[in-house]
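Subject: Handing over a structure, with notes

Dear colleague,

I am passing the structure below on to you, together with some notes on what was found in it. Please keep it open beside this email as you read.

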Amino acid sequence: MEMNRRRFGHASLALLAPLAGSRALAQAGAGPIRFIIPYSPGTGSDTTARTVGVALGERLGRPVVVENRLGAASMIGTEAVVRSAPNGSTLLITTNTMVINRALYPKANFDPLKDLTPITMSGWTQMLLVASAQSGFRRTEDLIQAARRAPGKINYGSPGVGTLHHLVMELLKIRTRTSMLHIPFNGSGPAVTALLAGQVDAMFLPETFALAHIKTGRVVPLAIGSDKRQASVPDLPTLKEQGIADMNVPAWYGIYGPAGMPDDLVARLNAELRQILQSPEAREKLAAGGVEATSSTPAELRDLTVADAARWAQVVKVQGIRAE
């Protein structure tokens with residue numbers, strides 16, 4: 001899906017109903033609002049929750065608690081929100097890994113397209129295609145040509161099967177009609193260590209992590225998976241510029257509640273969260289954690305969730321990917 005960030009950042013608030021939503025939030029009680037994060041502390045979702053949580057609590061007059069619930073490829077934390085009361089007291093901040101999981105785990109206890117209420121997008125992280133300095137690759141074309149000359153010989157790493165890092169490279173293989181060997185690791189740390197040591201040839205990395213290693217010279221940037229060049233790496237071409245279409249592949253972050261939330265409650269939360277996310281303070285804090293703050297209407301997040309679910313389901317099917 002070709003995603004338009006400008007559209008998400010400037011959609012109108014005219015149809016929101018903040019006063020009705022205020023009553024709905026008041027009826028939910030004065031207890032804490034829980035942000036459930038299905039990932040480790042320090043991740044983009046966690047940084048977002050801790051950034052917007054304090055401001056949201058001040059606006060609503062209620063404490064906000066951030067709870068990291070890890071496990072089962074983020075599904076334990078997500079299911080906790082799915083099973084919660086739809087009164088605005090329990091919210092989820094997650095990534096598009098959620099919709100990848102929908103394709104990988106069709107027998108899961110919930111369906112994120114049916115069992116969650118989209119509230120607003122919260123940010124983006126661009127994905128960079130990088131190569132180990134030992135690989136000798138200096139351009140995307142070098143990688144692609146090597147993969148075509150020796151199918152299956154060139155390898156790439158990822159933090160594990162079903163991660164965005166994995167699926168984006170599989171999409172690149174589809175777009176370029178190449179064969180590369182996937183080497184999954186148990187987390188980002190081991191995968192990056194192998195890349196630095198030259199044990200894997202290439203991989204996709206979130207921008208902040210990639211830039212840290214590019215500066216040392218041990219990782220070579222090949223391309224950025226976005227629609228346009230980024231100010232942080234202005235000389236790095238996009239994959240689209242290099243003739244590889246439909247490779248706008250950021251990690252995105254969204255805020256959801258359980259299914260069945262009243263429309264006025266969703267509208268109030270959306271209005272509050274968008275104002276927070278558009279503030280200079282939130283943008284600065286999120287940028288420091290490698291996340292570009294943005295926001296959306298609930299309908300726009302729903303459309304993005306549905307479209308990305310279809311996109312990655314197709315990649316999973318075509319490439320025959322199976323959860324481990």
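This is a predicted model: local features need pLDDT of at least 70, side-chain atom pairs count only at pLDDT 80 or more; totals for chains, interfaces and linings use all residues.

Residues are numbered from 1 along each chain as its sequence is written, and side-chain values use heavy atoms, with hydrogens and water left out.

The whole chain

The chain contains 13 helices and 11 strands, where helices (H or I, at least four residues) and strands (E, at least two) are DSSP runs numbered from the N terminus. Taken along the principal axes, the box filled by the C-alpha atoms is roughly 65 × 40 × 30 Å. The radius of gyration of the chain is 20 Å, which agrees with the value near 20 Å that a compact globule of 324 residues would have; this radius is taken over C-alpha atoms, and the globule rule is 2.2 Å times the number of residues to the power 0.38.

Of the 324 residues, 54% are buried, and here buried means under 20% relative accessible area, exposed means over 50%, and partly exposed lies in between (1.4 Å probe, protein chains only). The chain exposes about 13,700 Å², of which carbon and sulfur atoms supply 53%; accessible areas come from the Shrake-Rupley method with a 1.4 Å probe, and for residues only the protein chains shown count as cover. Among the contacts (heavy atoms within 4.5 Å) with a separation of 6 or more, 81% are between residues 24 or more positions apart.

Charges and salt bridges

The chain carries 34 positive and 26 negative charges, and their mean positions are 3 Å apart. In this count Lys and Arg are positive and Asp and Glu negative, while His and the chain ends are not counted; the place of a charge is NZ of Lys, CZ of Arg, CG of Asp or CD of Glu.

Side chains of opposite charge can pair when their charged atoms come close. A search of the whole structure finds 13 salt bridges, each being a side-chain nitrogen of Lys or Arg within 4 Å of a carboxyl oxygen of Asp or Glu.

One of them joins D246 to R175, with the closest N and O atoms 2.5 Å apart. This pair links distant parts of the chain, since D246 is in the loop between β9 (219-224) and β10 (251-258) and R175 is in helix α8 (residues 164-176), 71 residues away. Both partners are partly exposed, D246 with a relative accessible area of 27% and R175 with 34%. Salt bridges that share partners also join R34, E67 and R69 into one network.

E141 has a relative accessible area of 43% and R139 has 46%, and each counts as partly exposed.

Single residues to look at

Which residues does L181 touch, leaving aside its neighbours within four places in sequence? They are G152, I154, N155 and Y156. L181 lies in strand β7 (residues 181-184) and is partly exposed at 44%. Although L181 and N155 are 26 residues apart in sequence, their C-alpha atoms are 4.3 Å apart in space.

E284 lies in helix α12 (residues 280-288) and is exposed, with a relative accessible area of 60%. E284 and R148 are 136 residues apart in sequence, and 43 Å separates their C-alpha atoms in space.

Most residues other than glycine have a negative phi, and most peptide bonds are trans. S74, which is not a glycine, has a positive phi near 80°; S74 lies in the loop between β2 (64-68) and α4 (75-82) and is buried at 5%. R177, also not a glycine, has a positive phi of about 55°; R177 sits in the loop between α8 and β7 and is exposed at 77%.
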